[in-house]
Amino acid sequence: MDILAALDSLVTEFESGLALASTPESLEELRVDALGRKGKLAQIMSRLPELEPAARPAAGQKANSVKERCNALFEARKQAILAIRESAALRRFDPTLPGRAPWRGSLHPTTLITEEICAVFSGMGFDVVSGPEVEHDYYNFEALNMPAAHPARDMQDTLYITGQTLLRTHTSPVQVRSMLARRPPLAVIAPGKVYRRDSDLTHTPMFHQVEGLLVEEGTSLAHLRGTLTIFVRAVFGAQTRVRFRPSFFPFTEPSAEVDISCSICGGEGQVAGQPCRVCKTTGWVEILGCGMVDPAVFAAVGYPEDISGFAFGMGVERVAMLKYGIGDLRMFFENDARFLAQFA
Ligand code: DAH
């Protein structure tokens with residue numbers, strides 16, 4: 001091939017080689033192969049003496065322009081490959097993607113419900129108070145009209161620490177402590193842990209209660225009913241119905257248990273044609289115990305005979321189970337993050 005033709009085909013060959021190369025390294029190889037000291041261009045130029053002396057300058061010029069042209073093609077292709085690389089790297093880091101959300105903790109459902117219950121009663125003027133979990137027999141039983149032989153003191157139910165100290169079995173002793181610390185009128189709400197020697201599917205040795213007490217001259221059962229109805233509707237919804245069932249507690253007279261229309265089936269007794277497992281088709285669920293404070297309790301704290309008041313007590317886990325439709329009490333104590341995260 002004559003030298004000028006060889007120079008032309010060097011450019012086209014180089015150009016198609018560049019188009020196939022995809023890395024800066026393979027580009028560099030091509031460049032050295034074509035333009036390097038022992039490359040194709042140098043080989044062609046070594047044949048310069050073959051030409052007539054008069055034709056040599058033109059061939060020399062052409063060789064220079066081939067070199068320039070190849071260098072320009074090389075640079076352009078190199079820039080293109082680098083640009084592709086950069087955009088691929090950018091694609092791997094996409095600044096427009098939303099950040100990974102950090103794991104957010106949540107309050108335990110027991111805490112949430114306790115706070116909700118206390119907030120409702122705070123709104124009605126009750127003070128939030130507390131009492132000790134290790135309690136004296138006197139506050140837990142005696143002053144609440146449960147004398148020594150009372151069955152509620154049975155060793156089966158109570159966790160005794162010594163003969164006279166025990167883990168409180170309910171939050172009711174806070175009633176006694178509050179009445180001793182204050183004078184009427186008073187209204188307190190007392191959340192806290194309580195302990196019983198009991199452990200099965202529906203009982204845990206420790207659980208939570210909220211106690212309420214209001215003492216003021218002229219307080220009647222109607223006030224109790226009104227207060228609890230407001231509470232129940234605030235927590236379970238305005239459509240909730242309330243029913244008082246006569247019951248017995250040593251520290252209240254008369255006493256009642258309060259049922260609400262089942263929060264799961266809406267009082268229908270069935271959900272989607274299936275019997276409601278929460279209320280066992282009755283449409284009602286028990287939510288708390290209450291009553292008018294027994295005169296014997298007022299006597300124990302030295303309150304005047306003509307004073308009156310009401311008290312109530314409820315299990316927090318129970319309220320939470322009914323409100324959220326939680327079927328298993330153990331959920332509250334297992335700390336399974338999949339369960340707890342639902343309350344975030
Ligand atoms: N202390 C009772 C219990 O643990 C609950 C209770 C019932 C509290 C009636 C009260 C009340 O204040 O008036 O089962």
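This is a predicted model: local features need pLDDT of at least 70, side-chain atom pairs count only at pLDDT 80 or more; totals for chains, interfaces and linings use all residues.
Student: Why is the contact of Lys62 with Asp8 called a salt bridge?

Tutor: The closest N and O atoms of Lys62 and Asp8 are 2.8 Å apart. The cut-off is within 4 Å, so the pair counts as a salt bridge. The pair links distant parts of the chain: Lys62 sits in helix H4 (residues 56-92) and Asp8 in helix H1 (residues 3-20), 54 residues apart.

Student: What makes such side chains pair at all?

Tutor: Side chains of opposite charge can pair when their charged atoms come close.

Student: Why is Lys62 called partly exposed?

Tutor: Its relative accessibility is 26%. Buried means under 20% and exposed means over 50%. Lys62 falls in between, so Lys62 is partly exposed. Asp8, with 43%, is also partly exposed by that rule.

Student: How do you know that Glu13 and Lys40 meet in a salt bridge?

Tutor: Their N to O distance is 3.5 Å. That is within 4 Å, so the pair qualifies.

Student: What does the pair of Glu13 and Lys40 tie together?

Tutor: Glu13 lies in helix H1 and Lys40 in helix H3 (residues 40-45), so the pair ties together parts that are 27 residues apart in sequence. Glu13 has a relative accessible area of 45%. Lys40 has 33%. Both values lie between 20% and 50%, so Glu13 and Lys40 are partly exposed.

Student: Is Asp259 buried or exposed, and how do you know?

Tutor: Asp259 has 3% relative accessibility. That is under 20%, so Asp259 is buried.

Student: And Arg245, what makes it partly exposed?

Tutor: Arg245 has 27%. That value lies between 20% and 50%, so Arg245 counts as partly exposed.

Student: How do you know that Asp259 forms a salt bridge with Arg245?

Tutor: The closest N and O atoms are 2.8 Å apart. The limit is 4 Å, so the pair passes. Asp259 lies in strand S7 and Arg245 in strand S6 (residues 242-249), so the pair ties together parts 14 residues apart in sequence.

Student: Which residues are linked in a network with them?

Tutor: Salt bridges link Arg243, Arg245, Glu257, Asp259 and Glu286 in a network. The structure holds 14 salt bridges.

Definitions and conventions. Residues are numbered from 1 along each chain as its sequence is written. Side-chain values use heavy atoms; hydrogens and water are left out. A salt bridge is a side-chain nitrogen of Lys or Arg within 4 Å of a carboxyl oxygen of Asp or Glu. Helices (H or I, at least four residues) and strands (E, at least two) are DSSP runs, numbered from the N terminus. Buried means under 20% relative accessible area, exposed over 50%, partly exposed in between (1.4 Å probe, protein chains only).
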